[in-house]
Amino acid sequence: MRPIRRGDRGPAVTEIRSVLTRLDTSFPAGDLFDEETERAVRAFQQQRGLTVGGDVDEETWLALDAARWRLGARALFHAIPHPLIGEDVRTLQERLLEMGYDVGRPDSVYGTRTAKAVGQFQREVGLAPDGAFGPQTMNALRRLGRKVVGGRPQLLREAEAFRQSGPHLLGKTVVIDPGHGGPDQGIIVPDGPLRWTESELAFDLASRLEGRLAGAGMRVHLTRGPSPAARIPDKARAQLANDLHADLLISIHIDGYKTAEADGVATYHYGDGTSEGVTSTVAERLAGLVQREIVARTGLRNCHIHAKTWDLLRLTRMPAVRVEIGYLTSPHDRTRLVDPLFREQTIEAIVAAVQRMYFPVENDVPTGSIDVRQLRMAVAAGLPIKA
Ligand SMILES: [Zn+2]
């Protein structure tokens, strides 16, 4: 194409000026390529790393064409082999970057990395993580506003997402998932005439937790009864939690090992375990809180938190964690697990962790310090919960 330059007049100039108006609302419409237009084109070229000449050549024309797209005006997705390019992609990349997602350098190109970051964002706000940017994802991004900038972006964003739903447990839906059940008893350990099974202990812990969280004003659902007729796959448990639009899912298991030496507590959240991989940062925070509260309150060995891609964590659309509370195969842990008082302590720890999820990060309290009874009284009295 022949470059369009100062002195030109016509529909192409009208087009160029309308894009410039879109980028800077004070720039007036018109059909003449005047001095002011040339200045604006130079500024645009400079900003985009194009050759700064003030003429609209093919390169600049393509860049202007891409710039006409305002975020939300079209659906964005990872198109192969010709990725979508535009100002809207750039805006999205900048927003994601501000919120702590890894999109690399904002380059206006909707590539793999951008799609992955969008998927991660979707997962954290409870949308299907398809990596495409449509109206629902746009709304979620809008709801988060521009407040989540600077500091520790990941934590700030998590705090923001949770602050949306208010700093209390009242009315939140939590799904508690006692592992195994029915024909699948999980870890089984004989003990004289008795036998301890993971499925029974997990159910006991889950129903205690159910009582405590319901008492704090949450809507609580269990994924199974005490003795289901058939084995329930994790996929079905995840589906149930999705159907209930749960705010959180907590899965309770007890670990086992082939020797008696292994002991301790570990908590798992969704993630592929690589440094630049996808992880649910909200679930990671919950996992960290559950883990730290249990360790602080029970003294079980700290086996730390870990990222896993298990069905239950991967298919759920809310922050989901799985906690393995001690080893049934460890005599040390078993002595504690069979003690109802210990189980009560453990549940107290999980309730405290859930409560801390809903404190804004800056109001968070030291581990082991929440008195859950005070919490319940405050809820009963209709008071806002304070640290
Ligand atoms: Zn298990």
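Predicted model: local features only at pLDDT ≥ 70, side-chain atom pairs only at ≥ 80, totals over all residues.
Three side chains coordinate the zinc ion, namely His180 through NE2, Glu198 through OE and His253 through ND1, at 2.0 to 2.1 Å. Along the chain these donor residues follow the spacing H-x17-E-x54-H. Because His180 belongs to the loop between strand 1 and strand 2, whereas Glu198 belongs to helix 8 (residues 198-215), this pair ties together parts that lie 18 residues apart in sequence. Glu198 is buried, with a relative accessible area of 2%. His180 also counts as buried, since its relative accessible area of 18% falls under the 20% limit for that class.

His245 is placed in the loop between helix 9 (234-243) and strand 5 (248-255). In contrast to the buried His180, His245 is exposed, at 65% relative accessibility.

Another backbone feature concerns a proline. The peptide bond that leads from Ile80 to Pro81 is cis, and its omega is near 5 degrees. Pro81 itself is found in the loop between helix 3 (58-67) and helix 4 (87-98).

The salt bridges remain to be described. The whole structure contains 23 of them. One of these joins the side chains of Asp55 and Arg5, with an N to O distance of 3.3 Å. Asp55 sits in the loop between helix 2 (35-47) and helix 3, and Arg5 in the segment before helix 1 (11-23), so the contact ties together parts that are 50 residues apart in sequence. Both ends have some accessibility: Asp55 is partly exposed at 24%, and Arg5 is partly exposed at 34%.

A further salt bridge pairs Asp34 with Arg17, at 3.4 Å from N to O. Here Asp34 lies in the loop between helix 1 and helix 2 while Arg17 lies in helix 1, so the pair ties together parts that are 17 residues apart in sequence. The two partners fall into separate classes of accessibility: Asp34 is partly exposed, with a relative accessible area of 21%, whereas Arg17 is buried at 4%.

Helix 10 and helix 13 supply another pair. The side chains of Glu293 and Arg356 meet in a salt bridge of 2.8 Å, N to O. Glu293 is in helix 10 (residues 281-298) and Arg356 in helix 13 (residues 340-357), and the pair links distant parts of the chain, 63 residues apart. Glu293 and Arg356 are both buried. Beyond such pairs, salt bridges that share partners connect Asp204, Arg208, Arg212, Arg343, Glu344 and Glu348 in one network.

Note on methods: Residues numbered from 1 in each chain as written. Heavy atoms only, no water. Helix = DSSP H or I, 4+ residues; strand = E, 2+ residues; numbered from the N terminus. Buried < 20%, exposed > 50% of the residue type's maximum accessible area, 1.4 Å probe, protein only. Donors = N, O, S within 2.8 Å, 3.2 Å for Na, K, Ca; no water. Salt bridge = Lys/Arg side-chain N within 4 Å of Asp/Glu carboxyl O.
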